[in-house]
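Subject: Structure handover

Hello,

I am passing this structure on to you. Please open it first, then read my notes below.

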Amino acid sequence: MSASAPPSGPSIIRIEDPKSLDDERLADYRNLKEQTLKAASGRFIAESEMVVRKLLGSALTVRSVLITEPHLERLLPVLRPALPTFVAPQELLDSLAGFHVHRGCLAIGERPCNADVPPGASTVVVLEDLVDVDNVGAMARNAAAFGADALVLSPRAADPFYRKAIRVSMGSVFSLAIARLQRFPDDLATLAARHDLTLVGTVLDDDATPLPEFVWPDKVALLFGSEGPGLSPAARSACRHLVTVPMARDKADSLNVATAGALFLHAAAAARRDRLSRTPIAPE
């Protein structure tokens, strides 16, 4: 390896010899197809230039970056001072990762501590036992896109910092407060009371309130159930309201949870904007 460190710039380390791939600093990148950085490791991996750029712009700690020369040129203005930045030809990057990294850009970050719902939160997304990482990633992206304040997970929900979940979220997990409840659904009551949130369950029931007719509370926690069974009976019982998306049931009996999440969050954001537009401005 050859290293250079421009003043106040990243520490650029060029990988030119396949033997350099045995360097311990590259261990987290090795054989990515076969390994997953577990939560216990305290680390996660980000891939693609767009996602790595979002990571670099976040408040999270970045341990290192592994990129090809063209990505270095584009990312150089946003690379952090003294950040170990490994630059390798595409074939060496592929050899290290164990598959063709067609995005040519990877980074290792440190997982944030389990966050809390921020004070004053008005929209919180709660996921009960979503185990599909694509759905968790898509829900994180929806939550960020429609201005939700936090993503709250049940104990069994998939890891939002799993490599694929991060990719599907387009890096939204880096800027979203994410908390995991220890006891579900028991902790829902505490969550609602602490932040003055109204619990609203999203369901398929014919007797639930249709989404277009729902009158949105000022502060809401939207509950989404697992793929297949939906919200558990205990989670339903914890909710003050049950709301459904009207659909042609003779043609489709349900929506993907991420699609339903986008509809609910869009409606919640619209209600929030309408409420703010009607709020009188206090005289100076």
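The largest pocket holds about 410 Å³ of space. Lining it are 23 residues, and those closest to its centre are Thr202, Leu204, Gly230, Ser254 and Leu255. Please keep in mind that this is a predicted model.

Which element gives the most to that lining? Helix H8, residues 257–277, does, with three residues. By type, the lining of the largest pocket has eleven nonpolar residues, nine polar ones and three charged ones.

Now the second largest pocket. Its volume is about 230 Å³. Here 13 residues form the lining, and Arg111, Pro112, Asn114, Phe161 and Arg180 are the closest to the centre. Strand E9, residues 177–180, supplies the largest share of this lining, again as three residues. Nine of the lining residues of the second largest pocket are nonpolar, one is polar and three are charged.

Next, strand E10. This strand covers residues 198–202, and five of its five residues are buried, so the rest of the structure largely encloses it. Both of its faces are covered. On one side sit Thr198, Val200 and Thr202, all buried.

What does E10 pair with? One partner is strand E12, residues 220–224. Four bridges join E10 and E12, and the two run parallel. Within this pairing, Gly201 has Leu223 of E12 as its bridge partner. Another partner is strand E13, residues 241–244, which also runs parallel to E10. Three bridges join E10 to E13. In that pairing, Val200 stands opposite His241.

Last, the cysteines. How many disulfides does a search of the whole structure find? It finds zero. For reference, a disulfide is a covalent bond between the sulfur atoms of two cysteines. Are Cys105 and Cys239 buried or exposed? The cut-off for buried is under 20% relative accessible area. Cys105 has a relative accessible area of 0%, so it is buried. Cys239 is at 11% relative accessibility, so it counts as buried too.

Best wishes

Conventions:
Residues are numbered from 1 along each chain as its sequence is written. This is a predicted model: local features need pLDDT of at least 70, side-chain atom pairs count only at pLDDT 80 or more; totals for chains, interfaces and linings use all residues. Side-chain values use heavy atoms; hydrogens and water are left out. On a 1 Å grid over the protein atoms alone, a cavity is a set of points where a 1.4 Å probe fits but cannot get out, and a pocket is an open set with protein on both sides within 12 Å along at least five of seven lines; lining residues have an atom within 4 Å of a point. Grid points are joined across faces, edges and corners, and a volume is the space filled by probe spheres set on the points. Ala, Val, Leu, Ile, Met, Phe, Trp, Tyr, Cys and Pro count as nonpolar, Asp, Glu, Lys and Arg as charged, and the others, Gly among them, as polar. Buried means under 20% relative accessible area, exposed over 50%, partly exposed in between (1.4 Å probe, protein chains only). Two strands pair if DSSP finds at least two bridges between them. A disulfide is a pair of cysteine sulfur atoms within 2.5 Å.
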